[in-house]
Amino acid sequence: MHIAATASPAPAHTGTPPASPSRWLDPESWRARRIPLLRDPRALLKRLHDLHRPAARTAVVAVLDRSERPVASASFGFGEGRTDGWRCRNLILANLRLIVPDDLRRGTPTHTTVLAVHREGGRGWAADDGRWMWGLHDACVLHGLRCGAFAIVAEDGWQLVADGRHGRTPALPPGRNGGPGAKTPIRAAGIAPARPATELPQVRYLPETGPTPLVRPSAS
């Protein structure tokens, strides 16, 4: 069952000093962090897109269980202007705390967090994406979650950074612009019942080098 609330207006982001290199990741650094591969990224992104109906300059953060079912998700606007790694981290972390308890007491994370940033233009990687990637990774560490995929959804479709997979749908329709400070809905799902360990699929990771392996959806 989903519950809905309304986020506070996201202030326009202006005048922030440039992020330091320590709060920024490029695709090569992202690949080296062994990010878990999604078995069916298009299906997941479409599900989140249909639920949140995001406008431009909106991010959707989702928490997945070991079988890649979304157990919680939230959408939030981030306004205009250049982003900063700390601000990205704080926005993601605040929303994670809103929708799921932390896993800090567990030796191994039981949930994975993915982030989809929606913006105007093309889906190609840009410098600001590196700040979102750093923010996602750091927020996951602070909340005891496994850092998962980072997706860009734009007018020409979607792509997973450093993964090699992309597609034309879902996409951000031209003109769907919430504007700076637009109110963006937050929707959260309750934690799904735990499944026996024997039913959990093996986690596969993005390789540090070489072609991206093909990961097919599970038969279940």
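**Entry 1: salt bridges**

I began with the charged side chains and found Lys-46, Asp-50 and Arg-53 linked in a network of salt bridges. The model I am reading is a predicted one, and I keep that in mind for every value noted here. Over the whole structure I count 11 salt bridges.

I then looked up Arg-39, which forms a salt bridge with Glu-68, the closest N and O atoms being 3.8 Å apart. Arg-39 lies in the loop between H1 and helix H2 (41–52), while Glu-68 lies in the loop between strand S2 (58–64) and strand S3 (70–77), so the pair ties together parts that are 29 residues apart in sequence. For Arg-39 I noted a relative accessible area of 15%, and since buried means under 20%, Arg-39 is buried.

Next I checked Asp-103, whose salt bridge with Arg-106 has its closest N and O atoms 3.5 Å apart. Asp-103 is buried at a relative accessible area of 9%, whereas Arg-106, with 49% relative accessibility, counts as partly exposed.

The last pair I opened was Asp-128 and Arg-131, whose side chains meet in a salt bridge at 2.7 Å, N to O. Both residues lie in helix H4 (residues 127–143), 3 residues apart, which is about one turn of the helix. Here I recorded Asp-128 as partly exposed, at 25% relative accessibility, and Arg-131 as buried, with a relative accessible area of 6%.

**Entry 2: H3 against H4**

Staying with H4, I turned to its packing with helix H3 (residues 85–99), where I read an angle of about 45° and axes 7 Å apart. That angle makes H3 oblique to H4, and I noted that H3 passes H4 in a right-handed crossing. On the H3 side the contact is made by residues including Trp-86, Leu-91, Ile-92 and Leu-96, and on the H4 side by residues including Trp-132, Trp-134, Leu-136 and Leu-142. Sorting the contact of H3 with H4 by class, I have 11 nonpolar, 3 polar and 4 charged residues.

**Entry 3: Pro-27**

Which residues does Pro-27 touch, not counting those up to four places away in sequence? I found Trp-125, Met-133, Val-161 and Ala-162. Pro-27 itself lies in helix H1 (residues 27–32).

Note on methods. Residues are numbered from 1 along each chain as its sequence is written. This is a predicted model: local features need pLDDT of at least 70, side-chain atom pairs count only at pLDDT 80 or more; totals for chains, interfaces and linings use all residues. Side-chain values use heavy atoms; hydrogens and water are left out. Helices (H or I, at least four residues) and strands (E, at least two) are DSSP runs, numbered from the N terminus. Contact means heavy atoms within 4.5 Å. A salt bridge is a side-chain nitrogen of Lys or Arg within 4 Å of a carboxyl oxygen of Asp or Glu. Buried means under 20% relative accessible area, exposed over 50%, partly exposed in between (1.4 Å probe, protein chains only). Axes are lines fitted to C-alpha atoms, for helices over the stretch in contact, and angles run from 0 to 180 degrees between N-to-C directions. Angles under 35 degrees count as roughly parallel, over 145 as roughly antiparallel, 65 to 115 as roughly perpendicular and the rest as oblique. A crossing is left-handed if the near helix is turned anticlockwise from the far one by less than a right angle, and right-handed if clockwise. Ala, Val, Leu, Ile, Met, Phe, Trp, Tyr, Cys and Pro count as nonpolar, Asp, Glu, Lys and Arg as charged, and the others, Gly among them, as polar.
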